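Dear colleague,

I am handing over the structure below for your records. Please look at it first, and then read the notes that follow.

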Amino acid sequence: MSRLLSLTALLALLLAPLTHAQSGSERFGDYQVYYSVFNSTFVLPDIASVHNLVRGEDRALVNISVTRADGGLGLPAELSGTASNLMQQTQTLEFKEISEGDTTYYIAPIRHLDEEMYNFRVRIQPEGAEQSFELRFSQKLYIEK
């Protein structure tokens, strides 16, 4: 199995319920946004290396994919966002675009403490869309032990 296919399979698996992982989706007009947050240690070292992802027990990854609401694969988009803890300490989310075949998704790293709650705000502008929209969700992050 190729490294890229391994990451795709891993991310698909993460859309299923896992301990300490959150996933969800939200519709914005003609678009459906899928998101998940998971510990970076879920990604195998060789796959993390291919995509320049830093693994660590205090690091999580935010995964976002944008599709047409009527179905299809991940679309190219511009993403920017922040993650703020309850003390209002804010980290800028720096998304990396990952394209595999006909699909595109985005990964952003975040550092955290054990049982730290974060509020995520992500502005999304799908390629060719006239307007952007904002995805908001919260997630408690855990140190993997």
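**Aromatic residues**

Tyrosine 35 and phenylalanine 137 are both buried. Please bear in mind throughout that the model is predicted. A pair of aromatic rings is described by the distance of the centres and the angle of the planes. By the ring-centre rule, six aromatic pairs are counted. In one of these, the ring centres of tyrosine 35 and phenylalanine 137 are 4.1 Å apart and the planes meet at 20°, so the pair is stacked; planes under 30 degrees apart count as such. The two residues come from distant parts of the chain, since tyrosine 35 belongs to strand E2 and phenylalanine 137 to strand E9, 102 residues apart. Ring pairs also join Tyr35, Tyr118, Phe120 and Phe137 into a cluster.

In soluble globular proteins, nonpolar side chains tend to be buried together. Here the largest nonpolar core contains 26 residues, and those with the most contacts inside it are Val62, Ile64, Phe95, Phe120, Ile124 and Leu135. At least two residues of this core come from each of the strands E2 (31–39), E3 (59–68), E4 (77–85), E7 (103–111), E8 (116–126) and E9 (133–141). Another core lies apart from it and has nine residues, including Phe38, Ile47, Ala48 and Tyr105.

Isoleucine 124 shows what such a position looks like in detail. Leaving aside neighbours within four places in sequence, isoleucine 124 contacts Val33, Ile64, Val66, Ala77, Glu78, Leu79, Ser132, Phe133 and Leu135.

Strands of a sheet pair through backbone hydrogen bonds, either parallel or antiparallel.

E4 and strand E5 (residues 90–93) run antiparallel and are joined by four bridges. Across this pairing, threonine 82 stands opposite threonine 92 in E5, and glycine 81 has leucine 93 in E5 as its bridge partner. The hairpin of these two strands has four residues between them, and there glutamine 88 takes a positive phi near 65°.

**Glycine 74**

Glycine 74 is found in the loop between E3 and E4. Is this residue buried or exposed? Glycine 74 has a relative accessible area of 6%, so it counts as buried, the limit being under 20%. Not counting residues up to four places away in sequence, glycine 74 touches Ser65, Val66, Thr67, Asp102, Thr103 and Thr104. Glycine 74 and glutamine 32 are 42 residues apart in sequence, while their C-alpha atoms are 9.6 Å apart in space.

**Salt bridges**

Side chains of opposite charge can pair when their charged atoms come close. The structure holds four salt bridges. Glutamate 134 forms one with arginine 121, where the closest N and O atoms are 3.3 Å apart; glutamate 134 lies in strand E9 and arginine 121 in strand E8, 13 residues apart. Glutamate 134 forms another with arginine 123, at 3.6 Å between the closest N and O atoms. Arginine 123 lies in strand E8 and glutamate 134 in strand E9, so this pair ties together parts that are 11 residues apart in sequence. Glutamate 134 also meets arginine 136 in a salt bridge (2.7 Å, N to O).

As for accessibility, glutamate 134 is partly exposed at 23%, arginine 121 at 40% and arginine 123 at 37%.

Yours sincerely

Terms used
Residues are numbered from 1 along each chain as its sequence is written. This is a predicted model: local features need pLDDT of at least 70, side-chain atom pairs count only at pLDDT 80 or more; totals for chains, interfaces and linings use all residues. Side-chain values use heavy atoms; hydrogens and water are left out. A nonpolar core is a set of buried Ala, Val, Leu, Ile, Met, Phe, Trp, Tyr and Cys residues joined through side-chain atoms within 4.5 Å. Buried means under 20% relative accessible area, exposed over 50%, partly exposed in between (1.4 Å probe, protein chains only). Contact means heavy atoms within 4.5 Å. Two strands pair if DSSP finds at least two bridges between them. Rings of Phe, Tyr and Trp (its six-membered ring) pair if their centres lie within 6.5 Å; planes under 30 degrees apart count as stacked, over 60 as edge-to-face and the rest as tilted. A salt bridge is a side-chain nitrogen of Lys or Arg within 4 Å of a carboxyl oxygen of Asp or Glu.
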